Every structure is written in C-alpha cells, then in structure tokens.
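Morning, everyone. I have one structure to show you. Have a look, then I'll walk you through it.

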Amino acid sequence: MIKILIYVAVVLAVFAIGYLVRVYELSSALKGKKDHEVTDSDNRLMSRIMLTFLFVFFAFVIYNLENYGPRTLPESASEHGVALDWLFNFNMAILFFVFTLTHIFLFYFAFKYYGRTGNKATYIAHNNKLEMIWTVIPAVVLAIIIIFGLKNWNKITAPASKDAIVIQLYAKQFDWTARYAGKDNELGESNYKLITGENPLGMDTTDVKGSDDIIVRNEFHIPLGKEVEFKMNSRDVIHSAYMPHFRAQMNCVPGMTTMMHFTPIITTAQMREKLNNPKFDYILLCNKICGVSHYNMQMTIVVDTEADYQNWLKSKSTFKKKAAAPEAKAVAAK
Amino acid sequence: MSAEAHLHHEAHAGHHDSHDEHHHEESFVSKYIFSMDHKVISRQFLITAVIMATLAMMMSLLFRLQLAWPGEHFAIINFLLGDKWGKDGVLDPGMYMALVTIHGTIMVFMVLTGGLSGTFSNLLIPYQVGARDMASGFMNMLSYWFFFLSSIFMLAGFFSETGPASGGWTVYPPLSALPQAMDGSKMGMTLWLISMSLFIVSSLLGGLNYIVTVLNLRTKGMSMTRMPLTIWAFLVTAILGVLSFPVLFSAALLLISDRSLGTSFYLSDIYIGGQALEQTGGSPILYEHLFWFLGHPEVYIILLPALGLTSEIISVNARKPIFGYRAMIGSIMAIGFLSFIVWGHHMFLTGMNPFLGSVFVFTTLLIAIPSAVKAFNYITTLWKGNIRYTPAMLFAIGLVSTFISGGLTGIILADSALDINVHDNYFVVAHFHIVMGVSAILGMLAGVYHWFPKLFLRHMNKKLGYIHFWGTFISAYGVFFPMHFLGLAGVPRRYYSNTAFPMFDNLVDINVFITCFAILAGLVQIIFLFNFFYSMFRGEKSEQNPWGANTLEWTTPMKHTHGNWPGALPVVHRWPYDYSKPGKEHDFVPQTVPLEEGEIDGGGH
C-alpha cells in the first residue's frame, strides 16, 4: 500500500514539475527576455553572496577548529612525535596564513569587481615584478618547510641504537602478533613455509636464537623511556602498522622486513590520568586495506614503567617453553 | 604518422571547402553512434561521464550512510543492493569495500580522465586551433568506444556473483592478486583489469590524436604562443597520459599474469588460506612503483584540463586578459614535468630508503611553486575586472578556492616526516578530494555551462545554475573540510565502521555532519541533471558568440557541420586574451581581427 502511494506521489511530482516548467517557459516567452544573459542585478547579487560566503566560510572553519580540534589525537606519547607535532603546527600556521590571505583576496575581488554595464575592466596582461615576487616568496617558504621536514625525517629514520628492544610485528588477515627478541635481543629465523596451526609465525625450531623469543597476541607491552625497534612482516597481503598516539606508522609487506623505532615517553597510566579517561588504551591498528575485516584489525599497546614491563615479560613463557608444553600447543592452534 | 594525418586532413578540408553545400545525408548510426566528428564524440564522452558520475556519486552516498549510522537499517540499501549485499538494509562489509573501490575508479578514470579530457579536448582542440576535425577521426571514434566498453566492464562487477573489485582504487597486490584474499579479488578484479586495459587503450588513442592535432593542424597564424591556455593544458595533459598510461598497462599486465599464469612479479613468501604459495622472489612494491608512476601524473591529467578551462572562463568573464599568460604556460609545463618525478611520495612508508624519500619530498614540494603561481595569477585576473557572473564563472572561482585549500594540505602530506602520522587516513581523503576531486569537478561543470552553447547549441538555465553552484560548493566544503579532523584524530580510511575502536567514539557526530552534507550535495546534482537534459532539448537557443569571447570556436556557425567552418579556415592575427583593450570599440577583440598598425600582440599596448 505504502509502495503504491510512493509511486503515485512520484508520478504526480513529475507531472507537477512538467507543468511548472511549461508555465516558466510560457511566461519567459511572453516577457521576451533572454534568460542566459547576466544582468547587473545578477552580478550584484552574486558578488554579495561571494562576500557573505567568505565570512560564513571562515566562521565554519573556526567552528571546526573549536569543536573538532580538541577531538584530534592527544599529545604525542613518543619522543619524536613531540617534535613532529611542533612541526605540524608550525607548517599549519604558515598554511593557514596563506589560506586566509588568498581567500580574502579571492572573494573580496569577486565582490568588489562585479560587472556593471558601462564599466570596463583594466587591461593588465602581466607584471614581471609581481610574478617574480610570488615565485620567490613561496620558494623561500618551501625551502624552510623542506629543511625542517627533512631534519626530522632523517632523525626518525636513522638506524635504531644497538640496545633498542627488538620486537617483531607480524601481520596477517586480520590480527597482529608481537614477538619479543628475548634475552639475546635477536629474533630467531622464521620461514613462511614452516607455518602450521601450532607455529603461526613459521618459526624455525632449529634456530637457537628463537628459543628465548616471546610471542604475544591481543596486547603487547613496551617500557617507558626505552627505544623500541619494530621489525614488520606480513604473511599474506600488505598491512600497515599504525600507532597514532606515537605518530608512528610503517607498512608490513609480504616478502620483506620493514623497520621503525621510537621511544615512548608517557605510560598508559599517565595518559589515562591526563585524559581523565580510565579506559584509555594506546592502540595499534591496520591502516592499509587488507580485506573484508580490515576495519577490525587491532592490538592494544601498553606502555609500562621499566619494573612493570619486566614483571609482565617474566609472566610470559618463551617459544621453547611453549613448544614443550602440550596444552600450550592446543591454545596456539586455536 | 603525423604527416599522413596532415595530408588526410588537407584532403578532407579541401573536400569541404568546395562541396560544403551538398553533403550527403548520413544515417543515424554513422551520425550519432559511430561518428568520427569531434563534436559528436565530445558529446558522447560527456553524456557517458555524466551517467557514470551520477552512479559513482550514488555509491558514495550508500557508503556514507553506513559511515554515519553504522549498522542502521536503510530500505534504500536493500532496494539497490538486494538481500545479498544489503540484508535488512545493512550494507555488507565486502560491498562497502567494493563501493569505495568502484566509486574511486569511476571518478578518477571514467569521469575526470575520460570524461573531462574526452569531452573538452575533443570539443575544443579542433575548434580553438582552427582545424576541421581531429587528426584521425577514426582513432577518435575508437577512443570513445573503448571508453564506453571500459565503463561497461567497470560496472559489470556488480553483476558477478562475488561482487566487484574491492581492494581500493589502487588495487595493490597481493590483496588484488589472490582470489583467496577476498571476494572482490575474484571475478570482480578480472573485470576491473579488463576495464582498465580498455581504458588505457582509449586514453592512448585519444591522447595521440590530441597531441598530433595541436601540433600539426593549427590554422594560419595560430602560433604556439597564441594558443588559448585550454589548448596548452590539453596538450600537456595528453603528453602526460601518453607517457604514463603505458606504465599502468604494464602494471596491469603483470598483475593479470600473477593472477592467471602463476607468475610471481608481485608475490613472495605468502601463506594464505591455510596454504603456503609457491611464488617467491616478487615484490608488491614493484607494483606500487609502476602504479604511482602513472598515478601521480594522473592527478595532473585530471587537474590540468580543469585549470585550462578555468583560465579561459575566468578571463572571458572578468573581461580581462588572463594575468601572466606566459607564466601560466611555464607553470603548466613545469607541473607536467615535475609530476613525473614525485610518485614516491605515495610510498614513504613502504620501507623505501629514507634518502630516496627525501628526494621525493624535495621534488614534490617544488610543484607547489608553479601551482602557487597559477593560483595567484587567477586571483590577479579578477583584480580590476568587470566580472560577469555566469554559472560557469562561479564554478571557475569555486575551483580557485578548492585548488588553494586542497593544495595547501598537500604540503603537509608531501613532507615525509609529517606524512607518517596522516598517511592513508582521512586527512589524505580530505586532501585529495578537495584538491583534485572537487576542483576538477567544478572545472568540468564550469566547462559544461560555458560551452553548452557549442555542445548543444542552447543555453542551460542560469538560475538553476546559480543554485547548483552554491549548493555544490557549500556542500563540498561541508563534506571535506571536517574530514581533515577525522584524519588528525587518527581514523584510517576504508574502514567499514569505527565502532570497534573506543577512541573514535566521540567522532560519530562529525561523520553524521559529513553525510548530511553529502546527501545535500547529491540532491543538488538532481537540479543539474534536470537542467542538463532539459536544456539539451528545450533550452534557450544560443546566438553565435554569447559570452563575447575571442577564441575561434565562437566564429563557427550555430549548427553542427562537418569541417566546422563553412568557408575557408579562419586566420589568426592575435593572442586570445585581448579583453577590454584600450582604444577598442568592444571589450573583446576576436583572434581573427588583424592587428592595427603599431598594435602590439600578446598583452602589450
């Protein structure tokens, strides 16, 4: 019944529009005016809307900054992230200045120079001096942006220090596994051909370096103030390890190992206090389209104090121990 | 080849000069379907693009509904996608991915590459350089029909059992290479690759034609520095396409081979679906390099024609010469050249050597300089003008605004260090939609309104055009401006829903806000569609030169005839931007008017 009513309404609406169009056509034919010709009053109206738009637009921008700005990521929980946030704000300040200036000129000119019959535009074809100015100034500003940017980039991508804690982040559809290098701080060899239900990372059991490795899922811990080096792998498709609170991201590519490192500077407990949110957690999420459950591929990150971190690590069994315990096998297979 | 084309053209032209009055009646099929006339082909491209754009926009509205109200039941989703992909009106996650993918592919390739260049290069190159037609009408016809087939294949995915391709418009392997990885990598991906291969053929046939026509068929007096900026933009665009699309073609071929022949160009060390694959030694990064070697020039293949149209429209309607004509040409060429050496900025986080990353930072940020010059020149063209607000002019000014606001955030993304935190999240989505999506669409619409009299000999309704502009412009910012903040809050793109993450819970209202504006934007386009199709048949008839423009297309009679000019080809005596020149009777001086004694061409006076 409702469907029929909808169809009837649509048909009636089409007829109504048809009649409206007809009436419009007849009336404009009677008036004999040319619709497409832009009149002075059209120009005046549009120019005023242009100016109004300028103000409304900036009001909207400010509304966005005030309402949505505070909901962006909290302060960086990693050392390099603090510098990056500063750089971001620095660049944004420049960009916002340019944005404001150009928009004021654009819409003000659009307002001021609307067409009036009898007026004539000024014939100005070019001005070398002016053009030189706005080639050189952007070039200088960009040079500054490039220098600051690359300084940070070089620092962030420089090799990790030798005593950094090595953790493998292993991605597959659709979850993460973290493997700690253990006491020797060296990851054991692995091979995708060795993957089985019990050995989801394809660890080479003959490699002694791997026997002290610790494999965890769902949640991994890192200690405050110590550099952590991540070695990223994927077993199936490209994933991307994104840890927004640490301003850290790197793709996980099958067939190769990618790396990144950072130093956490705020523990989970401290961040919860700062944000006044007892449920807050740092998170690792997948940021490269990887399949149908891409939107739910995550792992919790906990930043501990050094002591808590050591305790947590002790509570986890090594790969060798796990392999020896039959009940653990059953769990792993699950 | 070019010489041959030239000869062919001469013969063709000669034929028309002598027997123009009595040309034989053509059948409907040869006149409107398999036509070799640039004007008909241009209209074919435009109408196909309008249909494809409408479909792609509807797709975006469907996934925007899901993003604003995840898990909510919408009768429309069930109605359009059926029980399979929209059970109880809830969008299926796989279908969400497919919609995102096909929306992106259609918009980037079918609408803003094929549609934009296909329509306006075809329409304006022969008209504005003073040629009878394209160098090769036959290749031009093939170009459209390959494009048409490609569009059909792109949509065909929706009718395959496992759905369309759904690995994102960039279709990175191994996700797209392995049918085990997702449903969208099965039949749908094969169709996507066929579609893309056909599209590349179409684009190359078109591009070669555009280049040859511009270089060889310019009429007497039309030197390169007397060409309108539209033609410069189309020329550089075509060169970019001809140089970069073959690389995408090779990427697609290798992907087809990996999918069907068991090769391992992009595959190595993969365990999927409970099985270790045989393929070793390949790298998905190779695909990324090949893809983005096209992918970045592609951005300018989309943007340059829109900027070219804008240059012309702003100058005509401000009744002023375009400011810095030669600087504009220089900028177009600089952008074109630089666009080939910046592709790596899409790959900062693939584990590439950080030093190589630095090089790409440098080259990418260099592009900001010619872009800035263009933006400043547009603004200065308005200064002391006598602006006539046709709907086209509004869209052109809108483009300048979005080109600036979208371009500026590109400076953040080009900075590899800052890219780390916003790579692949909504900040990027906001950036490229504003700078290339919205800008290019605004430019294309400006072109449609401005050249409608040449396309269909009639005018579009002005008032509906005004409403269309303001509705589109305001909702475009309403959709994409707040999106930056989602990115800065760390929301990744291509997520079916954010409900699994408590940290995104306080962003729900932003997504609702965005979707409301997206729906508004969609509704406003209905006004356009009505205006477009209605005006095609019943719009006000246009006179020969309704905008008082200088370029050659407005010297052709108001009917569509083969050969464009009934008599001899026009002879060009001056550059195209003599608007409001002091000492002239009218505020425009067509290019065909000879220089007076002592008059300086090219902006001097």
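Predicted model: local features only at pLDDT ≥ 70, side-chain atom pairs only at ≥ 80, totals over all residues.

Residues are numbered from 1 along each chain as its sequence is written, and chains are lettered from A and ligands numbered from 1 in the order in which they are written.

Sheet first. In chain A, five strands make an open, mixed sheet, ordered E3-E2-E1-E5-E8. Strands here are DSSP runs of E, at least two residues, and helices are runs of H or I, at least four, numbered from the N terminus. Pairing takes at least two DSSP bridges between two strands. E5 (residues 228-234) of chain A runs antiparallel to E8(A), over five bridges. Phe230(A) sits opposite Met260(A) in E8(A).

Now helix H4 (residues 75-85) of chain B. Which of its residues are buried? Ile77(B), Leu81(B) and Trp85(B). Buried is 20 or more other C-beta atoms within 10 Å of the residue's own, exposed is 12 or fewer, with C-beta atoms placed from the backbone. Down the axis of H4(B), the buried residues fall within an arc of 55 degrees, so they line one face. The arc uses directions from the helix axis to the C-beta atoms. On the other side, Ala75(B), Phe79(B), Gly82(B) and Asp83(B) are exposed.

Last, the chains. 102 residues of chain B contact 88 of chain A. Contact is C-beta atoms, placed from the backbone, within 7 Å. Helix H11 (residues 354-382) of chain B gives the largest share of chain B's side, 14 residues.

Terms used: Contact = placed C-beta atoms within 7 Å.
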